[in-house]
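Look at the sequence and the model below. The text after them goes from the whole chain to its parts.

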Amino acid sequence: MYIDVIMPRGNEKEFLRIGVLLGYKKLFFCYEKSNKQEGLDLTNNEIGVKIGTIVSNSQNNKPGFFIYKVNNQIRTVIERGAINLIYSQEELEKKDKQHFRLSGLNNIVCKILKEKDIIVGFSFNSILKTIGRKRAVILGRMQQNLILCRKYNVKMFIGSFTTNPYEMRSPRDLMTFGVLLGMHPNEAMCGLELEYQE
């Protein structure tokens, strides 16, 4: 099943339209609590919709789908919070060391991710929105994170993670991007069934 994770800003209908054209079967609309749209009619016979919440700390213990845009508190948040997916770990503004990259993940964090069954998301939008040296740094960090996730058997997911419907990419494009990063085709399947509890 082809799934994408996106962050609408009042443009849900357009996301649904583009999602159908690109061949998605389900979209996860993820909102920060302050941006959450109430009373939206998201019924569409051609595509399923689930709602998720973007969190910035560990203060979430309600049922639902929670994604965490990684900051410097990653270990604290994943240890204490009920997180389903993390993303953007490669975008932390730190200078890489001479012999390794500060990619947002390490051995200890990956062990916790595996233990808590948290999915690591790779954001295509991180690449789309950067150019030059910064893009190269993010790509290198993604490759390092991929190696760590594979070593500790952490689930991975490639998605658009965008606020703009026209920045979505088809499932085949995202799978190809994953293979270019170094994933095996079965790892790069962006149709990973994300865990969601109603």
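The model is predicted. Its secondary structure consists of 6 helices and 7 strands. Along the sequence these elements come in the order β-α-β-β-β-α-β-α-β-α-α-β-α. The chain has 198 residues, and 48% of them count as buried. Its accessible surface is about 10,500 Å², and carbon and sulfur atoms account for 48% of that surface. Contacts can also be sorted by how far apart the partners are in sequence: among those between residues at least 6 apart, 61% join residues at least 24 apart.

The loop between S1 and H1 holds Asn11. Which residues does Asn11 contact, once its neighbours within four places in sequence are set aside? They are Thr163, Asn164 and Pro165.

The next helix to consider is H5, residues 132-151. It has 20 residues, and the distance from its first C-alpha to its last is 29 Å. This is close to the 28 Å expected at 1.5 Å a residue. The buried residues of H5 are Ile138, Gly140, Arg141, Met142, Asn145, Leu146, Leu148 and Cys149. They pack against helices H3 (107-116), H4 (124-128) and H6 (171-181), and against strands S6 (119-123) and S7 (156-159). Just after H5, Asn153 has a positive phi of about 55°.

Is Asn145 buried or exposed? Its relative accessible area is 0%, so Asn145 counts as buried. Apart from residues up to four places away in sequence, Asn145 touches Gln89, Glu90, Ser103, Leu105 and Phe122.

H5 also packs against H6, with the two axes 10 Å apart and at an angle of about 80°. Angles from 65 to 115 degrees count as roughly perpendicular, so H5 is roughly perpendicular to H6. Where the helices meet, H5 contributes Leu139, Met142, Gln143 and Leu146, and H6 contributes Phe177, Leu180 and Leu181.

The aromatic rings come next. A pair of such rings is described by two values, the distance of the centres and the angle of the planes. The chain has 5 aromatic pairs. One of them is formed by Phe15 and Phe29, with 6.2 Å from centre to centre and 55° between the planes, and it is tilted. Phe15 is buried because its relative accessibility is 0%, under the limit of 20%. Phe29 also has a relative accessible area of 0% and is buried.

Another pair is Phe124 with Phe177. Why is this pair edge-to-face? The planes stand at 85°, and an angle over 60 degrees counts as edge-to-face. The centres of these rings are 5.2 Å apart. Phe124 lies in helix H4 and Phe177 in helix H6, so the pair ties together parts that are 53 residues apart in sequence. Both residues are buried. Phe177 is also one of the H6 residues that meet H5. Elsewhere, Tyr87, Phe157 and Phe161 form one aromatic cluster.

The last stop is Ala82, in the loop between helix H2 (74-80) and strand S5 (85-87). Its relative accessible area is 39%. Buried means under 20% and exposed means over 50%, so Ala82 is partly exposed. Ala82 and Phe66 are 16 residues apart along the chain, and 7.2 Å separates their C-alpha atoms.

Key: Residues are numbered from 1 along each chain as its sequence is written. This is a predicted model: local features need pLDDT of at least 70, side-chain atom pairs count only at pLDDT 80 or more; totals for chains, interfaces and linings use all residues. Side-chain values use heavy atoms; hydrogens and water are left out. Helices (H or I, at least four residues) and strands (E, at least two) are DSSP runs, numbered from the N terminus. The expected span of a helix is 1.5 Å times one less than its number of residues. Buried means under 20% relative accessible area, exposed over 50%, partly exposed in between (1.4 Å probe, protein chains only). Contact means heavy atoms within 4.5 Å. Accessible areas come from the Shrake-Rupley method with a 1.4 Å probe; for residues, only the protein chains shown count as cover. Rings of Phe, Tyr and Trp (its six-membered ring) pair if their centres lie within 6.5 Å; planes under 30 degrees apart count as stacked, over 60 as edge-to-face and the rest as tilted. Axes are lines fitted to C-alpha atoms, for helices over the stretch in contact, and angles run from 0 to 180 degrees between N-to-C directions. Angles under 35 degrees count as roughly parallel, over 145 as roughly antiparallel, 65 to 115 as roughly perpendicular and the rest as oblique.
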